[in-house]
Amino acid sequence: MLYLVIDKVKINFEPTDVSLAQLKMLVQTFKMYEDYKSSGKLKVAYAFADTPGGISIWDVESNEELQRILFLLPTMPFMDREVKPLTSIENVNAIVNELIDIIKSMPSKPSR
């Protein structure tokens, strides 16, 4: 299952507000991203150019697996996170075609 994860930093970082501990958590998160990418769980990750945060696409077996991964990331407490399940355009097209077939099979309204 593919999921898009949108992370936005909860607090406004000023350069003087960033602690060494927070930077270490960020470095540790990036290392974990490398490991997840090597295992095929993390497909892509991008940082926003204009604000602290980023997006990532995960390929996991279940919602529970994604929850475990995201919860264990060191930066989790600092993020406002939004998760969107993804599907392919081909899957959407198949559903649209099914809907078309259903509509075609419905009785038409009598004309007045």
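The model is predicted: local features need pLDDT of at least 70, side-chain atom pairs count only at pLDDT 80 or more, and totals for chains, interfaces and linings use all residues. Numbering starts from 1 along each chain as its sequence is written, and side-chain values use heavy atoms, without hydrogens and water.

**Exercise 1.** Find which residues of helix 1 are buried, and what they pack against.

*Solution.* 
- Step 1. Helices (H or I, at least four residues) and strands (E, at least two) are DSSP runs, numbered from the N terminus. Helix 1 covers 20-38.
- Step 2. Buried means under 20% relative accessible area and exposed over 50% (1.4 Å probe, protein chains only). Gln22, Thr29, Met32, Tyr33 and Tyr36 are buried.
- Step 3. They cover an arc of only 110 degrees around the axis (directions from the helix axis to the C-beta atoms), so they sit on the same side of helix 1.
- Step 4. Leu20, Lys24, Val27 and Ser38 are exposed on the other side.
- Step 5. The buried residues pack against strand 1, strand 2, strand 3 and helix 2 (63-72). Contact means heavy atoms within 4.5 Å.

**Exercise 2.** Describe the lining of the largest pocket.

*Solution.* 
- Step 1. A pocket is an open set of points on a 1 Å grid over the protein atoms alone, where a 1.4 Å probe fits, with protein on both sides within 12 Å along at least five of seven lines; lining residues have an atom within 4 Å of a point.
- Step 2. Of 23 lining residues, Val9, Leu26, Phe30, Gly53 and Met79 are the closest to the centre.
- Step 3. Helix 1 gives the most, with six residues.

Technical notes: Nonpolar A, V, L, I, M, F, W, Y, C, P; charged D, E, K, R; others polar.
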